[in-house]
Amino acid sequence: LMDPTIVLKTTVGTVVTSYDITDQVSSVEIMMEATLLKRTTFGNTWHRNGMGLKSGTIKIEFYLEFDAAGTFDMFNTMWASFPTVGFTVSEPGGASVAGNFVMNQMPSFAGAIDEYNVASLTFTMDGPATIVDRT
């Protein structure tokens with residue numbers, strides 16, 4: 001996606017809270033794959049394979065800031081209160097990828113003095129992603 005917007009979402013009942021983290025993100029990578037299943041039967045002259053259960057991950061690299069309501073505070077709130085978090089990565093042209101991930105990691109401090117603190121976290125997706133093509 002070109003010039004994407006990255007939004008994380010938490011839900012309590014019917015109340016959805018959105019966090020636009022676009023300015024803090026240096027990259028996002030969404031991977032989806034399927035387990036490779038052997039489907040070779042007696043008499044085949046080649047190994048036959050097929051798709052099994054699907055899974056996915058979202059990797060977010062971002063600048064970790066410790067200000068009130070900064071990225072550390074946001075992830076800390078999600079870590080403490082939300083087992084799953086929604087995400088949407090979209091571009092002005094209308095293309096987007098959206099889904100949910102399991103909040104199973106918390107960023108920690110790792111940086112030198114006078115350097116940006118950059119965190120890279122990979123989360124397991126909780127179900128399929130919705131993909132929308134450009135309009």
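## Burial and overall dimensions

Buried residues, meaning those under 20% relative accessible area with a 1.4 Å probe and protein chains only, make up 28% of the 135 residues in the chain. This is a predicted model, in which local features need pLDDT of at least 70 and side-chain atom pairs count only at pLDDT 80 or more, whereas totals for chains, interfaces and linings use all residues. Residues are numbered from 1 along each chain as its sequence is written, and side-chain values use heavy atoms, with hydrogens and water left out.

The radius of gyration of the chain, taken over C-alpha atoms, is 18 Å, while a compact globule of 135 residues would have a value near 14 Å by the rule of 2.2 Å times the number of residues to the power 0.38. The C-alpha trace spans about 65 × 40 × 35 Å along its principal axes.

## Secondary structure

The chain holds 1 helix and 8 strands, assigned as DSSP runs (H or I of at least four residues for helices, E of at least two for strands, numbered from the N terminus). Their order from the N terminus is β-β-β-β-α-β-β-β-β.

## Salt bridges

The whole structure contains 2 salt bridges, each defined by a side-chain nitrogen of Lys or Arg within 4 Å of a carboxyl oxygen of Asp or Glu. In one, E91 and R134 meet at 2.4 Å, N to O. Because E91 lies in the loop between β5 (84-90) and β6 (96-102) and R134 in the segment after β8 (130-132), the pair ties together parts that are 43 residues apart in sequence. E91 is buried at 8% relative accessibility, whereas R134 is exposed at 53%, exposed meaning over 50%.

K59 forms a salt bridge with E61, with the closest N and O atoms 3.6 Å apart.
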